[in-house]
Amino acid sequence: MPHDPPETESPSHGAHVGHLDDFHTPLTYWQTLEIAVRELLIEKGITTGAEIAAAIDSMDRRSPADGARLIAKAWIDDRFRRKLLADGSAAMTEFGLNPAGLRLLAVENTPGIHNVIVCTLCSCYPRNLLGLPPDWYKERAYRSRLVRTPRVVLAEFGLELPAETTVRVHDSTADMRYIVIPQRPAGTTDMTEDELAGLVTRDSMIGVSRASSPRGFRE
């Protein structure tokens, strides 16, 4: 297996723009390269330190709450649900979220069809809607096993599906992301959009779980 290039000491000229804690430990090759490229972009006037910091802050603010709000809107607004299924990126824009040039495909769970997302090559993931991917999403075991034995993997997440339910596995790519519209839980008829968003979990939008049932509800 390939190895990272040798570690190097942190460059003294890069300390003022670093993101590690005072560079108390030696930087890896890739961390040193990132600092060098970042400083070169600033030196050439292509960007500024403030712009880079703002972009990092924007990425840090991304969370599954954005995707949850989108799903809740689709649950209560059939026109929006149909638009989300037809053109996910356009629906994101209409909702005030930035697709950042990526194509978003929404897939809907029904009583007879269950969808689940993977990226078999790396960890492509709808970060604009769900924030950073969970560690297990990036692991080789999930990426390789889900496409071969999806029911086994879903059962390991605690999701047992009826034998008659069709499982569809969707493989993300560098320029295409998926999000699952989970089934709306029973007992939510009188809930507001904000209340519904509270039932939509990150895992349910990946497809490894169902949306949460409202507190105190029993089928």
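Helices here are DSSP runs of H or I with at least four residues, strands are E runs of at least two, and both are numbered from the N terminus. With that in hand, take Trp75, which lies in helix α3, residues 64–76.

A word on the model. It is predicted, so local features need pLDDT of at least 70, side-chain atom pairs count only at pLDDT 80 or more, and totals for chains, interfaces and linings use all residues. Residues are numbered from 1 along each chain as its sequence is written, and side-chain values use heavy atoms, with hydrogens and water left out.

Back to Trp75. Is Trp75 buried or exposed? Trp75 has a relative accessible area of 13%, so it is buried (under 20%; exposed is over 50%, partly exposed in between; 1.4 Å probe, protein chains only). Its C-alpha atom is 9.3 Å from that of Pro182.

Next, Ala100. Where does Ala100 sit? In the loop between α5 (88–94) and β1 (103–108). Ala100 is not a glycine, yet its phi is positive, about 55°. Its relative accessibility is 49%, so Ala100 counts as partly exposed.

Then Val37. Val37 belongs to helix α1, residues 29–43. At 42% relative accessible area, Val37 is partly exposed too.

Last, the largest pocket. Thirteen residues line the largest pocket. Nearest its centre lie Gln183, Arg184, Pro185, Arg210 and Ala211. What classes make up the lining? Five nonpolar, five polar and three charged residues. Nonpolar means Ala, Val, Leu, Ile, Met, Phe, Trp, Tyr, Cys and Pro; charged means Asp, Glu, Lys and Arg; the others, Gly among them, are polar. A pocket is an open set of points on a 1 Å grid over the protein atoms alone, where a 1.4 Å probe fits, with protein on both sides within 12 Å along at least five of seven lines; lining residues have an atom within 4 Å of a point.
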